[in-house]
Amino acid sequence: MFKTHSALPRLTAIAFAVAFAGVANAGEVEVLHWWTSGGEAKAAAALKQTMEAKGHTWKDFAVAGGGGDAAMTVLKSRVISGNAPAAAQIKGPALQEWAAEGVLANIDDVAKADHWDDVLPKVVADVMKYKGHYIAAPVNVHRVNWLWANPEVFKKANAKVPTTWDEFFVAAEAIKKAGMIPLAHGGQNWQDFTTFEDVAIGVGGVDFYKKALVQLNGDAINSPTMIKVLETYKKIKPYTDKNAPGRDWNLATAMVIKGEAGMQLMGDWAKGEFLAAGKKPGTDFVCSPAPGSGSKAYTFNIDSFAMFQLKNEANTKAQKDLALAIMSPAFQELFNLNKGSIPVRSDVKLDKFDDCAKESAKDFQATSKSGGLVPSIAHGMAVAPAAEGAIKDAVSKFWNDDNETAKAAQAEILKASKAK
């Protein structure tokens with residue numbers, strides 16, 4: 001999806017760097033994913049070469065579509081028919097749902113040999129486990145709660161990049177008066193929801209976020225803090241433009257790149273757009289934690305591969321080699337340089353990463369120890385799909401209906417949180 005600096009010349013070297021000695025008992029590894037363009041496709045090619053260097057056969061099972069909905073439909077039919085692939089791109093609570101069906105493989109032996117418990121924060125490792133056993137391999141970490149800013153726009157508006165929501169509205173007003181769009185926004189429900197969770201953690205704090213949007217605690221959802229979150233959220237909308245409805249996220253990023261808009265609230269995949277446009281972090285664009293987050297709150301989105309139970313012994317060996325390759329420092333570096341995210345392993349050197357990635361990695365490690373590292377509800381990491389979808393719809397309805405009150409939206413969210 002995103003292009004950064006090309007890493008193709010290094011693919012072969014990486015493929016052999018993580019290869020095991022010998023190619024005995026070579027098997028076939030079929031992998032379902034939706035890495036079909038840009039840097040993601042390069043990373044898939046690297047993984048393929050890694051597996052082929054081990055003597056295995058790579059069978060690509062790519063299903064286009066960034067959200068993976070189409071891929072999940074195909075996967076379900078394959079699993080039901082008893083023909084599951086070796087691995088599939090699945091994330092968050094959906095991993096637990098698949099594991100509960102009894103179709104995923106236990107890869108504790110791979111995880112133990114490679115010391116995953118030592119190099120993964122517990123909150124991340126727990127997502128990859130079912131009843132204490134590893135059933136998936138994580139690929140990366142996206143920080144969701146980022147604010148992207150064009151320093152030239154801020155200079156023209158005589159404004160400063162905000163670190164709190166009060167400062168956000170001061171800056172937005174200044175940019176609006178200077179004749180530019182304060183916030184580039186794409187009016188799609190997942191983008192509305194991304195902005196909402198940024199406000200929830202920035203205004204309500206980490207504990208409120210955990211209770212209301214991870215645990216779906218009724219008292220937290222029904223609290224005065226939620227009213228304040230909703231009122232702050234609604235106050236943002238006038239600082240977006242009338243053409244926002246239906247706009248794709250990357251087109252909103254382009255508005256910031258071109259200087260048409262001052263800011264965007266979006267995960268670090270937006271960085272790939274800036275880099276592809278030849279922009280340099282710190283000079284041409286600014287990455288800053290979303291208002292109110294600082295270094296104390298970090299909402300994460302993690303891509304991962306679930307491993308399915310296989311009957312063929314050689315293919316099972318290939319599957320374990322795949323899990324090891326995904327978590328190898330070499331692949332973690334290559335993939336994340338292309339994706340805009342950061343390695344999920346704590347022991348990968350960041351020499352080749354930019355300052356935004358280094359800040360993300362620093363905050364990732366700090367929040368994993370402080371308790372401020374929390375799953376993104378907007379990106380399928382926090383709650384079951386049914387509740388997530390219902391809450392997402394309630395939040396977008398509130399965003400788009402100028403007459404709906406915060407109290408009414410609060411009641412809708414509380415009702416949605418009970419969706420099964």
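This is a guided tour of the structure, stop by stop, for use with a viewer.

**The whole chain**

Start with everything shown. The model is predicted. Look for 20 helices and 14 strands in the chain. The radius of gyration is 21 Å, close to the 22 Å that the globule rule gives for 420 residues, so the chain is as compact as a globular protein of that length. Along the principal axes, the C-alpha atoms fill a box of roughly 70 × 45 × 35 Å.

Of the 420 residues, 55% are buried.

**The largest core**

Hide the surface. Select Leu 75, Ile 90, Trp 116, Leu 120, Met 307, Phe 308 and Leu 322. These have the most contacts inside the largest nonpolar core, which has 65 residues. Which helix gives the most to this core? Colour residues 313-326: helix α16 does, with five residues. In soluble globular proteins, nonpolar side chains tend to be buried together.

Centre on Leu 75. Leaving aside neighbours within four places in sequence, Leu 75 is in contact with Leu 32, Pro 85, Ala 88, Ile 90, Trp 98 and Phe 308. Another core, of 53 residues, lies apart from the largest one. Select Ala 171, Ala 378, Ala 409 and Ala 416, which are among its members.

**Aromatic pairs**

The whole structure holds 18 aromatic pairs. Pick Trp 98 and Phe 308. Their rings are edge-to-face, 5.6 Å centre to centre, with 80° between the planes. Trp 98 lies in helix α4 (residues 93-100) and Phe 308 in the loop between β13 (304-307) and α16, so the pair ties together parts that are 210 residues apart in sequence. Trp 98 is buried, with a relative accessible area of 11%. For Phe 308, also buried, the value is 0%.

Go on to Trp 116 and Tyr 134. This aromatic pair is edge-to-face too, at 5.2 Å centre to centre and 90° between the planes. Trp 116 is in helix α6 (residues 116-119) and Tyr 134 in strand β5 (residues 133-134), 18 residues apart. Buried or exposed? Both Trp 116 and Tyr 134 are buried.

**A cluster, and charges over rings**

Select Phe 193, Phe 196, Tyr 233, Phe 398 and Trp 399. Together they form one aromatic cluster. The charged end of Lys 234 sits over the ring of Phe 398, 3.9 Å from its centre.

Then move to Arg 143 and Trp 146. Here the charged end of Arg 143 sits over the ring of Trp 146, 5.1 Å from the ring centre.

**Val 124, inside**

Select Val 124, in helix α7 (residues 122-127). Val 124 counts as buried because its relative accessibility is 0%, under the 20% limit. Not counting residues up to four places away in sequence, Val 124 touches Ile 302, Val 344, Phe 364 and Leu 373. Draw a distance to Ile 302. The two C-alpha atoms are separated by 8.4 Å, although the residues are 178 apart along the chain.

**Pro 151, partly exposed**

Next comes Pro 151, in helix α8 (residues 151-157). At 27% relative accessibility, Pro 151 counts as partly exposed. Which residues does Pro 151 touch, not counting those up to four places away in sequence? Show Thr 283, Asp 284, Phe 285 and Val 286. Now draw a line from Pro 151 to Glu 97. They are 54 residues apart in sequence and 44 Å apart in space, C-alpha to C-alpha.

**Two positive phi angles**

Follow the chain to Asn 158, in the loop between α8 and α9 (165-177). Asn 158 has a positive phi of about 55°, although it is not a glycine. Asn 158 is exposed, at 73% relative accessibility.

Finish at Leu 216, in the loop between α11 (206-214) and α12 (218-221). Phi of Leu 216 is near 55°, a positive value in a residue other than glycine. At 19% relative accessibility, Leu 216 counts as buried.

How values were computed: Residues numbered from 1 in each chain as written. Heavy atoms only, no water. Core = buried A, V, L, I, M, F, W, Y, C linked by side-chain atoms within 4.5 Å. Buried < 20%, exposed > 50% of the residue type's maximum accessible area, 1.4 Å probe, protein only. Helix = DSSP H or I, 4+ residues; strand = E, 2+ residues; numbered from the N terminus. Contact = heavy atoms within 4.5 Å. Phe/Tyr/Trp six-rings, centres within 6.5 Å; stacked < 30°, edge-to-face > 60°. Lys NZ or Arg CZ within 6 Å of the ring centre and 35° of its normal. Rg over C-alpha atoms; globule rule 2.2 N^0.38 Å.
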